[in-house]
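I opened my notebook to go through one structure. I wanted its sheet first, then some loop residues.

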Amino acid sequence: QEALPRVPLDDFAKVRNLQRPAILTGIRQHHQAKQWKAWDAWTETALSKQSRNYFSALEKHTRDEWTTFFSPIPDKLGLGLTSPYSFLENTSFSEFVERCREGQLLYTGGSEHKRLDEDVVPHDEMGLNGEKPWVPYYWACSGLCEYLHYDWQGVLLVQVTGEKDVIIVDPRFYDHLHVYSTLHKANRYTRIPGFCPGSTPLDVNRYQGLRNVTAYHHAHMTPGDALWIPAFWHHTSF
């Protein structure tokens with residue numbers, strides 16, 4: 001396990017130029033982020049009182065994509081989710097919190113929820129070339145393990161409420177992670193299950209490329225923490 005550098009978050013333009021993952025310090029003091037309503041509005045107590053229907057607000061193409069492709073993935077990976085993966089329709093935050101408390105492993109996926117944007121504005125300095133950034137929201141029950149994947153763009157991950165652990169793997173190990181073919185619809189994802197505590201132990205006999213993955217990064221995130229993950233770095237969270 002390799003330690004992550006800590007970089008003061010005083011200029012988002014500098015963050016986007018980082019070529020390696022880093023823990024970003026000081027986001028709660030940033031002149032824009034410190035104005036976010038989310039710091040108070042997104043606690044478990046506050047969310048458990050929200051009866052508005054948030055998760056059906058996804059765009060139709062997003063819903064179709066999640067139901068036809070992403071939903072079956074956890075079953076194939078043996079993650080044992082109790083409900084369709086990352087797809088909650090006609091669900092309020094209060095219901096989401098209650099189902100988490102019942103032990104279900106639910107995850108909303110990384111889609112935009114327009115009704116939540118007002119809770120994290122202003123954030124225009126976080127975009128490229130003065131443009132508004134794409135802000136996806138992730139909500140997950142405790143104990144859920146995401147599967148290892150990479151993104152085509154850099155990711156600024158901000159922990160607003162709850163806690164999360166993130167595992168990050170250097171792209172130099174790409175050829176050893178048994179990633180799906182570039183022609184496959186899951187071409188950003190590894191075939192290997194078990195990158196989170198409590199999952200099936202990594203099967204190095206079946207996935208022998210793992211023997212060549214000699215290093216990784218681990219970050220434990222609490223509210224107010226921020227993490228920069230450059231494009232093409234594989235990561236998973238739990």
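Two strands pair if DSSP finds at least two bridges between them. Strands (E, at least two residues) and helices (H or I, at least four) are DSSP runs, numbered from the N terminus.

Ground rules next. I am working with a predicted model, where local features need pLDDT of at least 70, side-chain atom pairs count only at pLDDT 80 or more, and totals for chains, interfaces and linings use all residues. Residues are numbered from 1 along each chain as its sequence is written, and side-chain values use heavy atoms, with hydrogens and water left out.

**Entry: the sheet**

I looked up β3 and its partner. Strand β6 (residues 226-229) is joined to β3 by 4 bridges, and the two run antiparallel. Val155 stands opposite Ile229 in β6.

Then I traced the whole sheet. It is open, has 4 strands in the order β1-β2-β6-β3, and its pairing is mixed. At the edges I found β1 (6-8) and β3 (155-158), each pairing on one side only.

**Entry: Asp175**

Where does Asp175 lie? I found Asp175 in the loop between β4 (164-169) and β5 (217-221). Is Asp175 buried or exposed? Asp175 is exposed, because its relative accessible area is 70%. The scale: buried is under 20% relative accessible area, exposed is over 50%, and partly exposed is in between (1.4 Å probe, protein chains only).

**Entry: Tyr138**

I found Tyr138 in the loop between α6 (93-101) and β3. Tyr138 counts as partly exposed, because its relative accessibility is 40%. The C-alpha atoms of Tyr138 and Gln159 are separated by 9.7 Å, and the two are 21 residues apart along the chain.
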